[in-house]
Amino acid sequence: GELGHAEELLEEARALSRVVGPSIWDAAAPDVLASVARHRGEQARAAALLEEALTVCQRGQVTWCTADVLTHLGDLASDRGDFDQADALYRRGLAMHWQTGERRDFAGGLSGFAFTVAARGNPEQAARLCGVVHTLMDAAGVNLPPSGQTNYDRTLAAIRAALGEAASAAALAAGRALPPDRVVADIAAAPTPSTEIDDGIEVAD
């Protein structure tokens, strides 16, 4: 169907980029193809494509591209339940996205990071992080990228299942009141699992 057609077009773009010479499509095509593979449940293929994309991004020293691929690798690690690996990948991607000013992609990565937090037994913390996602999207006037929206929806479902509607709403509201730049600093600085920090966010390391 549509996924198959999209895959064909992406493969064509990938082949053309190899003919015309190095370009961002050398990384973008396998990155997007990995999203298609992930949607189909083809985890091994998705991982191989992302590793290919990461090599290209790092070779070209393209920070925003590297951050994007790291975030998607974090998604895969989260999918397979490897939350330690997902945590490390998300943190690296989030730091780079914030540095380059890519707030939309940062928010998408933060949604994925929040899921790892919820999965580790901290649904209230995860809800606050989702509140920060809301703040960033409202400020930018845009929606989350597709993978970020998927992460956000499953994170919110996990939060509501754990806390209930009222407590989830309260934690989300608390997160919306937090300064995003402070949350970024706290995520980067947290040295130990479930470290309590003074703006009310606990960050699992």
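Colleague: Where does histidine 72 lie?

Modeller: This is a predicted model, and in it histidine 72 is part of helix H4.

Colleague: Is histidine 72 buried or exposed?

Modeller: Histidine 72 has a relative accessible area of 12%. The cut-off for buried is under 20%, so histidine 72 counts as buried.

Colleague: Which residues is histidine 72 in contact with, leaving aside its neighbours within four places in sequence?

Modeller: The contacts of histidine 72 are then Asp31, Ser35, Leu50 and Ser147.

Colleague: Let us move to H3. Which of its residues are buried?

Modeller: In H3 the buried residues are Ala46, Leu49, Leu50, Ala53, Leu54, Val56 and Cys57. They lie on the same side of H3, because the arc they cover around the axis is only 165°.

Colleague: Why would residues some places apart point the same way?

Modeller: An α-helix has 3.6 residues a turn, so residues three or four places apart point the same way.

Colleague: What is on the face of H3 turned away from the buried side?

Modeller: That face carries the exposed residues Ala44 and Arg59.

Colleague: What span should H3 have, and what does the model give?

Modeller: At 1.5 Å a residue, the 17 residues of H3 should span 24 Å. The end C-alpha atoms of H3 are 24 Å apart, which agrees.

Colleague: What happens just after H3?

Modeller: Glutamine 61 takes a positive phi of about 55° there, although glutamine 61 is not a glycine. Glutamine 61 sits in the loop between helix H3 (43–59) and helix H4 (63–79).

Colleague: Is glutamine 61 buried or exposed?

Modeller: Glutamine 61 is exposed, at a relative accessible area of 72%.

Colleague: Next, H5 and H6. How do their axes cross?

Modeller: The axes of helix H5 (residues 83–100) and helix H6 (residues 103–119) come within 9 Å and cross at roughly 155°. H5 and H6 are therefore roughly antiparallel to each other.

Colleague: Is that crossing of H5 and H6 left-handed or right-handed?

Modeller: The crossing of H5 and H6 is left-handed. On the H5 side, the contact is made by residues including Phe83, Tyr90, Leu94 and Trp98. Among those of H6 are Phe106, Leu110, Phe113 and Phe115.

Colleague: Now H9. Which residues of H9 are buried?

Modeller: Ser168, Ala171, Leu172 and Gly175 are buried in H9. Their arc around the axis is only 100°, which puts them on the same side of H9.

Colleague: What do the buried residues of H9 pack against?

Modeller: Their partners are helix H7 (123–140) and helix H8 (146–163). Alanine 127, found in helix H7, is buried with a relative accessible area of 0%. Leaving aside neighbours within four places in sequence, alanine 127 is in contact with Ile159, Ser168, Ala171 and Leu172.

Colleague: How far apart are alanine 127 and leucine 172?

Modeller: C-alpha to C-alpha, alanine 127 and leucine 172 are 5.1 Å apart in space, and they are 45 residues apart in sequence.

Colleague: Where is proline 179 found?

Modeller: Proline 179 is in the loop between H9 and helix H10 (180–189). Proline 179 is partly exposed, with a relative accessible area of 42%. The C-alpha atoms of proline 179 and leucine 136 are separated by 9.8 Å.

Colleague: Finally, the whole chain: how many helices and strands?

Modeller: The protein chain has 10 helices and two strands, in the order α-α-α-α-α-α-α-α-α-α-β-β along the sequence. Of its 205 residues, 48% are buried.

How values were computed:
Residues numbered from 1 in each chain as written. Predicted model: local features only at pLDDT ≥ 70, side-chain atom pairs only at ≥ 80, totals over all residues. Heavy atoms only, no water. Buried < 20%, exposed > 50% of the residue type's maximum accessible area, 1.4 Å probe, protein only. Helix = DSSP H or I, 4+ residues; strand = E, 2+ residues; numbered from the N terminus. Arc of directions from axis to C-beta. Contact = heavy atoms within 4.5 Å. Axes fitted to C-alpha atoms, helices over the stretch in contact; angles between N-to-C directions. Parallel < 35°, antiparallel > 145°, perpendicular 65-115°, else oblique. Left-handed = near helix turned anticlockwise from the far one by under 90°. Expected span 1.5 Å × (residues − 1).
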